[in-house]
Amino acid sequence: MRYGNTDENADANTNASTNENTNRNGNGHMRWNRFGMRASVMAAVVASAALMVTGCDSGESSSASVDPASASTTPTPATSPSVASPVASAAVVTPAVASSPAGAAPVCSAGSLKVAARQAADRPAGTGIGAAIVEFTNGSAKACVLKGHPTVAGAGNGSPEKNAPLSVTTTGSASPVKLAPGGKAWVKLTFVQVQGEADGFCESGAEPVVYPTLVVGLPGAGKHQAALDDGQFAQCDNKVTVTAVSAVKPS
């Protein structure tokens with residue numbers, strides 16, 4: 001709102017003008033201090049404002065340099081080195097059960113074997129049989145395996161049900177013998193020999209025993225009745241020494 005110029009206002013303006021002129025004309029030094037101080041104050045204000053602007057710009061620039069999407073308070077987990085799975089050494093590693101290797105032939109079944117016996121060429125001196133060779137033939141269409149030392153029993157009157165087990169002494173180490181269809185394996189039985197002529201006698205003083213057939217068993221392959229192709233089994237003391245199953249025919 002504007003007002004008209006009254007006498008009071010005119011006098012005030014006149015006094016102000018007179019004082020200003022007096023300062024300007026009568027005391028130049030005071031005029032320089034007045035405006036010099038005013039300029040200093042203005043320079044300080046400008047400098048402070050510049051600092052504030054600089055500070056604001058610096059803060060804004062610092063904030064703007066950070067991607068808000070990446071400014072997460074959740075720490076980034078450290079990358080752990082990959083560790084090889086123990087199972088895939090382990091097999092898990094589980095320990096293997098002792099068994100026949102994959103693809104190995106099975107043990108010959110009792111029904112797949114054909115058995116024959118004859119006197120051995122190399123036998124103790126005496127009037128008894130002394131020693132016999134028992135031959136096993138694979139009569140099946142598939143390969144099979146024999147292994148081990150045989151058991152031996154005398155069949156009374158040729159009857160396997162009326163057998164008398166003999167005391168067995170083993171010789172040699174046992175190893176698997178693979179029989180192809182028609183293949184053969186052997187064991188040798190050596191008895192305590194009967195001495196003398198005719199019915200003979202036993203050096204131990206026991207009575208000689210004669211068996212028309214023997215029952216020969218093999219581990220896992222059943223028991224088999226065998227008869228000599230010439231004569232009967234005569235022996236002393238119900239003892240026999242046996243070899244392990246062999247792919248080589250003994251003498």
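1. Disulfides first: here the term means a pair of cysteine sulfur atoms within 2.5 Å. By that test the structure holds two of them. Counting bonded cysteines along the chain, they follow the pattern 1-2, 3-4.

2. A word on ground rules. This is a predicted model, with residues numbered from 1 along each chain as its sequence is written. Local features need pLDDT of at least 70 and side-chain atom pairs count only at pLDDT 80 or more, while totals for chains, interfaces and linings use all residues; side-chain values use heavy atoms, with hydrogens and water left out.

3. Take Cys108 and Cys144: their sulfur atoms sit 2.0 Å apart in a disulfide. The pair ties together distant parts of the chain, 36 residues apart, with Cys108 in the loop between α3 (87–90) and β1 (113–119) and Cys144 in strand β3 (residues 144–146). Helices (H or I, at least four residues) and strands (E, at least two) are DSSP runs, numbered from the N terminus. The torsion about the S-S bond is about 85°, so this disulfide is right-handed.

4. Are those two cysteines buried or exposed? Cys108 is buried at a relative accessible area of 0%, and Cys144 is buried at 4%. For the cut-offs, buried means under 20% relative accessible area, exposed over 50%, and partly exposed in between (1.4 Å probe, protein chains only).

5. The other link joins Cys202 and Cys236, whose sulfur atoms are 1.9 Å apart. It also bridges distant parts of the chain: Cys202 belongs to the loop between β8 (184–192) and β9 (209–211), Cys236 to strand β12, 34 residues apart. With -90° about the S-S bond, the link of Cys202 and Cys236 is left-handed. Both Cys202 and Cys236 are buried.

6. Asp237 is partly exposed at 27% relative accessible area, and Asn238 is partly exposed at 31%.

7. Lastly, Glu135 in strand β2 (residues 131–138). Glu135 is buried, with a relative accessible area of 13%. Its side chain makes a polar contact of 3.0 Å with that of Trp186; such a contact is a pair of N or O atoms within 3.5 Å, where within protein one must be able to donate a hydrogen and the other to accept it, and residues adjacent in sequence count only if both atoms are side-chain atoms. Leaving aside residues up to four places away in sequence, Glu135 touches (heavy atoms within 4.5 Å) several residues, including Lys114, Arg118, Lys184 and Trp186.
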